[in-house]
Amino acid sequence: MEQIHIIPEFAYDFHGHRCPYMPLGFMAGEYAMRLLGVERERDHKTFLFSEMGDEHLQGCFNDGLQAATGCTYGKQIFKLMNYGKAAAILYKPEKGAVRVIVNDDILKDLEKFKFFEYRYKGYEPSEIPLDVSNEVIDYLTSIPDEKLFRYEFLKDFTYTPLKKTSKKIECDDCHELVFENYIKIWKNKKLCTTCYEKERR
């Protein structure tokens, strides 16, 4: 199979193992950037909303999205929507928003590969033979974007990020410093979330 897509090694290193859903997320992220006409985000001006969840085996998709777009959890420009869909929205205020979703037939085809036989038997991805992992990755990276995904530009999509702060306040109970927008007031005391929950019991 001729490889159309090249997944950089840094993405595998960041993710920790070789599997199909991280490359699939990486390709989805790259496709969304091309559609929107934006480059990989270095700072905090592009936002990514993954429709994946955290109660299934394919969350690796999210690491691929982050590696491709630069919209990372640590920069607070990656949001997990928990819809359980292999889809994501990329949004940049001056460019608009695009939603990319993996085609259903691709998701169904993946189930035919031996990689998932191992996964459903309880094997971790790093325990699966490399040739088995590469077989399904090579399959995905040989498919053009137009067959992997469908997309839609979201004309009315908007998002306003929460105001950030660097100011810290000392919790009146544990005396640890807390960023001010996480302080809770209880009986005239300024408390961190942990102490607030203890006080309310």
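The model is predicted, so local features are given only at pLDDT of at least 70 and side-chain atom pairs only at pLDDT 80 or more, whereas totals for chains, interfaces and linings use all residues. Residues are numbered from 1 along each chain as its sequence is written, and side-chain values use heavy atoms, with hydrogens and water left out. The protein chain has 8 helices and 9 strands; helices (H or I, at least four residues) and strands (E, at least two) are DSSP runs, numbered from the N terminus. Of its 201 residues, 44% count as buried. Buried means under 20% relative accessible area, exposed means over 50%, and partly exposed lies in between (1.4 Å probe, protein chains only).

**Overall layout**

- Along the principal axes, the C-alpha atoms of the protein chain fill a box of roughly 65 × 45 × 25 Å.
- The domain assignment gives domain 1 (9–153) and domain 2 (168–200); such bounds come from an automatic or database domain assignment.
- Between the C-alpha centres of domain 1 and domain 2 there are 38 Å.
- An unreviewed UniProt entry lists residues 14–149 as "domain: Formylmethanofuran dehydrogenase subunit E". UniProt positions are given in the numbering used here, feature names are shortened, and annotations may be inferred rather than shown by experiment.

- Strand β3 (residues 87–92) is largely enclosed by the rest of the structure, because 6 of its 6 residues are buried.
- In a regular strand, side chains alternate between the two faces of the sheet.
- In β3, Ala-87, Ile-89 and Tyr-91 point one way, while Ala-88, Leu-90 and Lys-92 point the other way, and all are buried.
- Strand β1 (residues 47–50) runs antiparallel to β3 and is joined to it by 4 bridges; two strands pair if DSSP finds at least two bridges between them.
- Phe-47 has Tyr-91 of β3 as its bridge partner.
- Strand β4 (residues 96–102) also runs antiparallel to β3, and 6 bridges join the two.
- Ile-89 has Arg-99 of β4 as its bridge partner.
- A hairpin is formed by β3 and β4, with 3 residues between them.

**Salt bridges**

- Side chains of opposite charge can pair when their charged atoms come close.
- The structure holds 7 salt bridges, a salt bridge being a side-chain nitrogen of Lys or Arg within 4 Å of a carboxyl oxygen of Asp or Glu.
- Arg-34 and Asp-145 meet in a salt bridge with an N to O distance of 2.3 Å. This pair links distant parts of the chain, with Arg-34 in helix α2 (residues 21–36) and Asp-145 in helix α7 (residues 145–148), 111 residues apart.
- Arg-34 is partly exposed at 49% relative accessibility, whereas Asp-145 is buried at 9%.
- Glu-9 and Arg-18 form another salt bridge, their closest N and O atoms being 3.5 Å apart. Glu-9 is partly exposed, with a relative accessible area of 46%, and Arg-18 is partly exposed at 25%.
- In the salt bridge of Asp-109 with Lys-112, the closest N and O atoms are 3.2 Å apart. Asp-109 counts as partly exposed at 23% relative accessibility, while Lys-112 is exposed at 65%.
- Asp-173, Lys-189 and Glu-199 are linked in a network of salt bridges.

- The structure holds 1 cavity of 30 Å³ or more. On a 1 Å grid over the protein atoms alone, a cavity is a set of points where a 1.4 Å probe fits but cannot get out, and its lining residues have an atom within 4 Å of a point.
- The largest cavity has a volume of about 80 Å³; grid points are joined across faces, edges and corners, and a volume is the space filled by probe spheres set on the points.
- Residues lining the largest cavity include Cys-19, Tyr-21, Cys-60, Phe-115 and Pro-125.
- Helix α5 gives the largest share of this lining, with 4 residues.
- Glu-117 lies in helix α5 (residues 114–120) and is partly exposed, with a relative accessible area of 42%.
- Glu-117 and Ile-128 are 11 residues apart along the chain, and their C-alpha atoms are separated by 10.0 Å.

Technical notes:
On a 1 Å grid over the protein atoms alone, a cavity is a set of points where a 1.4 Å probe fits but cannot get out, and a pocket is an open set with protein on both sides within 12 Å along at least five of seven lines; lining residues have an atom within 4 Å of a point.
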